[in-house]
Amino acid sequence: MKKIITLLCVLCPAFLLCPINAWAADGSAEAGVPVWLCIPFAGLLLCIAVMPLLKGEWWDAHKPLVVAGWVLAMVIPFSVIYGVGEMAETVLDCAVNDYVTFIILLFGLFCVSGNITMEGDFAGSPRVNVGLLALGTFLASCIGTTGASMLMVRPVLKMNSWRRRKAHIMIFFIFMVSNMGGILTPIGDPPLLMGFMRGVPFFWSLHLLPVLLFNMVVLLFAFYQVDRRMYRKDIAEGRKPDISRPGTRFRIDGLHNILFLLMIVAAVILSGVLPGLKAFQDSAGNVLGIHIFRDVTFSLPSIIEIVMILAAAALSFKTTPKDIRTRNHFTWGSIQEVAVLFIGIFITMQPALMLLRQVGPGLGLDQPYQLFWATGALSSFLDNTPTYLVFLTTAGAIGFTGGISTSLGTVPVHLLSAISCGAVFMGANTYIGNAPNFMVKSISDENGVPMPSFFGYMLWSLGFLIPLFLLDTLIFFL
């Protein structure tokens, strides 16, 4: 039976390749991007959502093979329609300029945060958990949603290790620390960094603090009610935290790794600032780098960013005792899983992004609530950075004369606010909506927290986030 399932999952993408001659007959770059080229992306997402429920062990063993199958299901028809050269340029550009920097950043933060451990008498009570979520949410705008998530996830898991019912804690952790907290600065989330690179002032997004505070109050209130109920059930079953001695003790080991964390943050900031400096541009204004193929260039700022991040990770491991990683239950499983799945997601979603760029300007979106939901809905499943840029470009091309002056045109403040909040907030709607979401899920699973499935998580987001976003629309974006 397992062999049959393996064969079907590997061959299923191949069936999409059978009628390529018919598809290619009227396909051309000028004719637009065919919608069916998005099928491999949808198929991969469906596998990520369904296979862990149907055949969890099989999925864990054959994940790379299935990902490779869906990648081929996109790459081969794409080559037939647009040519091998165009396909190679698209895949290489995605791999070099998106995936490599993405996975290196995750890897660096994963390594450095794994060398910091917090211990003490603080047990995971509802009040303590509310404080941890609030701290992590504000921290996300200082060191990024990925940095805050990787730094805070293990302490939160450790303080709640005595509890049986704790999946909801990590779900709200993803909602707030891994997503919403990144709204206040360009460091917080990549879409805002891209906006900064295109002329949006660095501290402009601080004016979104009222939106963040409103969302925090609503979500923390809801979380407290849920957590208190679960906490009382755990206590009623006789569970209690393992506190060796009375009093309040708190200790952080590996604290010097904060320097390496700041080194990674500096690398991310430099990657956004250096391309605008003349020293990193040629005479035509193009960013210097290593030419790979056609218009694909591995830019010098990206190389500097990667070197700094890898150096920070190496120094972190070199200067931190192995005992700290042992106490953190540090393993490589979660980063390996993210690396395999997201290379497939990044490649197969390229036709969807191309289609979005093609139809985005003609959608007639010129109201804040429209841009908030359009940006957010697509950011829930696609990379929120290019989605943000598509709608920022759309808003800049409308022809407004008042607002924030960017390299893409003048964008009114209310439209820019809606686009920014949609891209950052609604990445929390799914596990793949933002980089740290799936990482937090994987680390939680590794630490014995039974996280909900892909669709199970979406039920939580539908129940808590969508009503909140409706309130955001009524209060801030109408």
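At 11% relative accessibility, G396 counts as buried, the label buried being given under 20% relative accessible area, exposed over 50% and partly exposed in between, with a 1.4 Å probe and protein chains only. The model is a predicted one, in which local features need pLDDT of at least 70 and side-chain atom pairs count only at pLDDT 80 or more, while totals for chains, interfaces and linings use all residues. Residues are numbered from 1 along each chain as its sequence is written, and side-chain values use heavy atoms, with hydrogens and water left out.

**G396 and its surroundings**

- G396 lies in helix α16, residues 384-396, where helices (H or I, at least four residues) and strands (E, at least two) are DSSP runs numbered from the N terminus.
- Leaving aside neighbours within four places in sequence, G396 is in contact with L408, G409, T410 and V411, contact meaning heavy atoms within 4.5 Å.
- G396 and G85 are 311 residues apart along the chain, and their C-alpha atoms are separated by 32 Å.

- The axes of helix α4 (residues 56-82) and helix α13 (residues 333-348) come within 9 Å and cross at roughly 15°; axes here are lines fitted to C-alpha atoms, for helices over the stretch in contact, and angles run from 0 to 180 degrees between N-to-C directions.
- That angle makes α4 roughly parallel to α13, since angles under 35 degrees count as roughly parallel, over 145 as roughly antiparallel, 65 to 115 as roughly perpendicular and the rest as oblique.
- The crossing of α4 and α13 is left-handed, a term used if the near helix is turned anticlockwise from the far one by less than a right angle, with right-handed used if clockwise.
- On the α4 side the contact is made by W59, K63, P64, V67, W70, V71, M74 and V75, and on the α13 side by E337, V340, L341, I343, G344, I347 and T348.
- By class, the residues of the contact of α4 with α13 divide into 11 nonpolar, two polar and two charged, with Ala, Val, Leu, Ile, Met, Phe, Trp, Tyr, Cys and Pro counted as nonpolar, Asp, Glu, Lys and Arg as charged, and the others, Gly among them, as polar.
- Helix α3 (residues 39-54) also packs with α13, at an angle of about 155° and with the axes 9 Å apart, which makes α3 roughly antiparallel to α13.
- The crossing of α3 and α13 is left-handed, and the contact is made by P40, F41, L44 and I48 of α3 together with L341, G344, I345 and T348 of α13.
- The contact of α3 with α13 has six nonpolar, two polar and no charged residues.

**Helix α5 with α18**

- The axes of helix α5 (residues 84-113) and helix α18 (residues 435-446) come within 11 Å and cross at roughly 45°, which makes α5 oblique to α18.
- The crossing of α5 and α18 is right-handed, and the contact is made by F102, L106 and F110 of α5 and by A435, M439 and I443 of α18.
- In this contact of α5 with α18 there are six nonpolar residues, no polar and no charged ones.

- C111 is found in helix α5 and counts as buried at 1% relative accessibility.
- Not counting residues up to four places away in sequence, C111 touches A313, S316, F317, F330 and W332, while C111 and A312, 201 residues apart in sequence, are 8.9 Å apart in space from C-alpha to C-alpha.
- S178 lies in the loop between α7 (167-176) and α8 (190-197) and is buried, with a relative accessible area of 0%.
- A polar contact of 2.8 Å joins the side chains of S178 and S149, a polar contact being a pair of N or O atoms within 3.5 Å of which, within protein, one must be able to donate a hydrogen and the other to accept it, and residues adjacent in sequence count only if both atoms are side-chain atoms.
- With residues up to four places away in sequence not counted, S178 touches T145, S149, F173, N434, P436, N437 and V440.

**Loop residues with positive phi**

- Most residues other than glycine have a negative phi.
- R294, in the loop between β3 (289-293) and β4 (296-299), has a positive phi near 50° and is partly exposed, with a relative accessible area of 43%.
- H329, in the loop between α12 (322-327) and α13, has a positive phi of about 55° although it is not a glycine, and at 55% relative accessibility H329 counts as exposed.
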